[in-house]
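Dear colleague,

I am handing over the structure that we spoke about, and below it I have written out what was found. Please read the notes with the structure open beside you.

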Amino acid sequence: MGKKRFALIGAGLFGEIHAKAYESHPEAEFAVVCDLNRGRAREIALKYHARRYCTDWREVILDPGVDAISVATPDFAHTEIAVAAARAGKHLLVEKPLAMTVEECEQIIGAAKEQKVKLMVDFHNRWSPAFHEAHRLLGEGELGDPRFIYFRLSNTTFVPLKMLSWAEKSSSLWFLGSHAIDMVCWLIGEWPHRVYAVSRRGVLTEKGVDVPDLFHSTLEFPGGAVASVENCWLLPESAPSVVDLKCEIVGSEATINIDTSSNRTVEIADAKGLRYAEMLGGSVVHGRQVGFAVESIRHFADCVVNDREPLVPGEVGLEVTRVACAIERSAETGEPVVIER
Ligand SMILES: NC(=O)c1ccc[n+]([C@@H]2O[C@H](COP(=O)([O-])OP(=O)(O)OC[C@H]3O[C@@H](n4cnc5c(N)ncnc54)[C@H](O)[C@@H]3O)[C@@H](O)[C@H]2O)c1
């Protein structure tokens, strides 16, 4: 049997990681790239040796020479493509968040189930050695019962003001909070039944991007654990890392502290100031992309090649979106929101 053939729809900043992962996978062929921006599609096709590129995603889903598709379009633009791709019988890796409403997540999951195709959501922190270790220790009972998790995942203003052209159609809650929700729920081992949240806007609006500055959310879990999640797009560009990630897990017997963004493994001081190189998520070592950001995509490729079920199925994406929607509602109304399932 020949290699499994993978396509990428949405070849932006993060889509390129998918292209790298497929191109370097020994049992995968990186076949097709699609982006609305023809120049970008061509660039990624040439760089990662795809056999063709196009600007209309419908061509990709109709291509009989494609077995599986990564959807890495902006947060608000996953659903139509993912549903059509599943209906065309393609296995699917969808970037986080799976979609921005519960109904859209259900449509994607329904289409994948109907066609019996694999569906994975790219919550790649589950491949981060730091969080994998915390999850292992919790699973082995080393911390006792998880009682409280503090999780901060924030960005500098570079992300909403310069990096993402579509920031106003997302927010720090969707772009970052989706990872945070997935991670605290994975660590605690349950989905929350009630959330309270506060959000503020003003600073970014003043700077020309009309989106909330921050979300501060409290998640209550059926087993009694509580999580406190902070996401903002307000950190100054002078911060040594674009991403600020801190996590403290308090169990009944012990605690774990995780800091993957300012761990100073590689600290660079130059005329512009001090910065930390990203070491866990995506470094290139002797020409090979390593790190958890690419490992989750390799895992999806392995699942397609070996006919296995991905570790992060569509249902995880649905539950994360359910919680994010409840957080938005709580922030809007000022009231706690009970999550019905
Ligand atoms: N897993 C992660 O940690 C992680 C990190 C960054 C981004 N992301 C996610 O990846 C997705 C993409 O983010 P990004 O930072 O690469 O954004 P980006 O703006 O850099 O790239 C998006 C690309 O999609 C293309 N596009 C938009 N609509 C399209 C369509 N209908 N058909 C074909 N191409 C289309 C755009 O032209 C653009 O090149 C988002 O959902 C984002 O949240 C995930």
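Leu 153 stands opposite Leu 245 in β11, where strand β7 (residues 146-155) and strand β11 (residues 243-251) pair in the antiparallel sense over 9 bridges. Strands here are DSSP runs of E with at least two residues, and helices are runs of H or I with at least four residues, both numbered from the N terminus; two strands pair if DSSP finds at least two bridges between them. Please keep in mind that this is a predicted model, in which local features need pLDDT of at least 70 and side-chain atom pairs count only at pLDDT 80 or more, while totals for chains, interfaces and linings use all residues. Residues are numbered from 1 along each chain as its sequence is written, and side-chain values use heavy atoms, with hydrogens and water left out.

The β7 and β11 strands belong to an open sheet of 7 strands with mixed pairing, in the order β12-β11-β7-β10-β9-β8-β17. Its edge strands are β12 (255-259) and β17 (337-338), each of which pairs on one side only. Helix α6 (residues 129-139) lies across β7, β11 and β12, and runs at about 170 degrees to β12, whereas helix α11 (residues 314-333) lies across β8 (194-200), β9 (214-220) and β17, at about 60 degrees to β8. For these angles, axes are lines fitted to C-alpha atoms, for helices over the stretch in contact (heavy atoms within 4.5 Å), and the angles run from 0 to 180 degrees between N-to-C directions.

There is also an open sheet of 6 strands with parallel pairing, ordered β3-β2-β1-β4-β5-β6. Because β3 (52-54) and β6 (119-121) stand at the edges with a single partner strand each, one side of each is left without a neighbour in the sheet. Strand β2 (residues 28-34) runs parallel to β3 and is joined to it by 3 bridges, and Val 33 stands opposite Tyr 53 in β3.

The protein chain is divided into domain 1 (4-124) and domain 2 (125-287 + 320-338), with bounds that come from an automatic or database domain assignment. The contact between them takes 15 residues from domain 1 and 17 residues from domain 2. Across this interface the rule finds 0 salt bridges, a salt bridge being a side-chain nitrogen of Lys or Arg within 4 Å of a carboxyl oxygen of Asp or Glu.
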